[in-house]
Amino acid sequence: MLVSNEALIGIALVELGLVIVPGPNMIYLVSRSIAQGRRAGLISLAGVGIGFLGYLLAASAGLATLFALVPEIYLTLKLAGAAYLLWLAWNALRPGGASVFATQELEPDRPRKLFGMGLLTCLLNPKIAILYISLLPQFLDPSRGHLGVQSLVLGLTQLIVGVVMNAVFVITAGSVAVFLSRRPTWMRIHRYLTGTALAVFAVRLATDRARPLASH
């Protein structure tokens, strides 16, 4: 096999862990689904999926190599991503902050804007950038053949897991929001857990000394 079962399972578990921790993608998809319905959430998710694919194709073409050769760009991206995650954490933890599942009024958007915002949110998501630039190359095995093709296979595995899990959040967002709105204590606990998880990930991202590996 071009890619080992261990690598496939490993990248799937990494993506599962990342998608469960609320980040920009989940926050946008859930808020849009609650405010405008599941159809709007799924259209937004289509944009997120294309964003995943864009990163995947760039990584397979050697994006990680660029960052390995110019580490300053990688460092800038990493610190910017960490700062963004800290900002999201503060919004969740600050007095008067809201859970990602808190109902809120949003102006309805047209399908084109929903798709575009989903795409932009994904492209600016530091967790996705770091996944493809830093983590994905660590699952590659030069002895198994072309590394670009391995990146493609592993990335498609990540993409499927990410899209499926986000679809679950989109479809269940309304029900979860109603459930939590009737239980203020649970809503508050969820908000604190979300903010803490985002803060921890931001700190780990900012202090991680790992460097991206060349992927071809």
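Helix α6 has 13 residues and reaches 18 Å from its first C-alpha to its last, close to the 18 Å expected at 1.5 Å a residue. The model is predicted. The buried residues of α6 are Leu 114, Gly 118, Thr 121 and Cys 122. Because these residues cover an arc of only 100° around the axis, they lie on the same side of α6.

**Helix geometry**
- An α-helix has 3.6 residues a turn, so residues three or four places apart point the same way.

**Thr 121**
- Thr 121 sits in helix α6.
- With a relative accessible area of 14%, Thr 121 counts as buried, because the cut-off for buried is under 20%.
- The side chain of Thr 121 comes to 2.7 Å from the backbone oxygen of Met 117.
- Leaving out residues up to four places away in sequence, Thr 121 touches Pro 24, Asn 25 and Tyr 28.

**Nonpolar cores**
- The largest nonpolar core has 24 residues, and those touching the most other members are Leu 29, Val 48, Phe 52, Ile 128, Tyr 132, Leu 136 and Leu 154.
- At least two residues of this core come from each of α1 (5-20), α2 (24-36), α3 (38-60), α6 (111-123), α7 (126-135) and α8 (147-181).
- The most is given by α3, which supplies eight residues to this core.
- In soluble globular proteins, nonpolar side chains tend to be buried together.

How values were computed
Residues numbered from 1 in each chain as written. Predicted model: local features only at pLDDT ≥ 70, side-chain atom pairs only at ≥ 80, totals over all residues. Heavy atoms only, no water. Core = buried A, V, L, I, M, F, W, Y, C linked by side-chain atoms within 4.5 Å. Buried < 20%, exposed > 50% of the residue type's maximum accessible area, 1.4 Å probe, protein only. Helix = DSSP H or I, 4+ residues; strand = E, 2+ residues; numbered from the N terminus. Polar contact = N/O pair within 3.5 Å; in protein donor to acceptor, adjacent residues only side chain to side chain. Contact = heavy atoms within 4.5 Å. Expected span 1.5 Å × (residues − 1). Arc of directions from axis to C-beta.
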